[in-house]
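Open the model in your viewer and show it as a cartoon. The stops below say what to select next and what is there.

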Amino acid sequence: MIQRFIELGEGYSDLYELLELGRASKDRVRFLLSLKCEKKGKKATSLAIVMNAAAEGNFQPIYICREGLPDPVETPNKRYQLFEQLAADLNKEIITLDVKPSTLFAEKELYFQYLIGILRMNRYLPPLS
């Protein structure tokens, strides 16, 4: 199975696209993720939706808005509340993980491979087949 991150942006207006993807494909939503990190001395959050693989093609997308939201515990914000509302509407819990920031990686693809490894290790994604 091919698992790939698809970055929509950093969580500003593109967050609304992430929410719409979740609503439009609610039968395919597997997990909702909140990935927390410390970036340049500030706590940041990435929001992501892990989808179930398509019926054909053996491809599992993970849509992400990367590190654009402040930590909702320290700075409550409307964008995170909208993500919580999506979770309630889909009857899903938001899985929160602490991760390294993307700035520690030379390339974005290396960062996404790191995240895939964490998700596989925690059994949120199936192993390579």
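**The whole chain**

In this predicted model, buried residues account for 44% of the 129 residues in the protein chain. Colour the chain by secondary structure: there are three helices and five strands, and from the N terminus on they run β-α-β-β-β-α-β-α. Along the principal axes, the C-alpha atoms fill a box of roughly 40 × 35 × 25 Å. The radius of gyration of the protein chain is 14 Å, which agrees with a compact globule of 129 residues, because such a globule would have a value near 14 Å.

**The largest nonpolar core**

Select Phe5, Leu33, Ile62, Val99 and Leu115. Of the 20 residues in the largest nonpolar core, these touch the most other members. Elements that give two or more residues to this core are β2 (29-39), β3 (42-51), β4 (59-70), β5 (94-98) and α3 (108-121). Which element gives the largest share of this core? That is α3, with six residues.

Now centre on Ile62. Leaving aside residues up to four places away in sequence, Ile62 touches Arg4, Phe5, Ile6, Ala48, Ile49, Val50, Ile116, Leu119 and Leu125.

**A pair of helices**

Select α1 (residues 14-24) and α2 (residues 78-90). Their axes come within 10 Å and cross at roughly 0°, so α1 is roughly parallel to α2. Show side chains: Leu15, Tyr16, Leu18, Leu19, Gly22 and Arg23 in α1 meet Arg79, Leu82, Phe83, Leu86 and Leu90 in α2. By class, this contact of α1 with α2 has eight nonpolar, one polar and two charged residues.

Definitions and conventions: Residues are numbered from 1 along each chain as its sequence is written. This is a predicted model: local features need pLDDT of at least 70, side-chain atom pairs count only at pLDDT 80 or more; totals for chains, interfaces and linings use all residues. Side-chain values use heavy atoms; hydrogens and water are left out. A nonpolar core is a set of buried Ala, Val, Leu, Ile, Met, Phe, Trp, Tyr and Cys residues joined through side-chain atoms within 4.5 Å. Buried means under 20% relative accessible area, exposed over 50%, partly exposed in between (1.4 Å probe, protein chains only). Helices (H or I, at least four residues) and strands (E, at least two) are DSSP runs, numbered from the N terminus. Contact means heavy atoms within 4.5 Å. Axes are lines fitted to C-alpha atoms, for helices over the stretch in contact, and angles run from 0 to 180 degrees between N-to-C directions. Angles under 35 degrees count as roughly parallel, over 145 as roughly antiparallel, 65 to 115 as roughly perpendicular and the rest as oblique. Ala, Val, Leu, Ile, Met, Phe, Trp, Tyr, Cys and Pro count as nonpolar, Asp, Glu, Lys and Arg as charged, and the others, Gly among them, as polar. The radius of gyration is taken over C-alpha atoms; the globule rule is 2.2 Å times the number of residues to the power 0.38.
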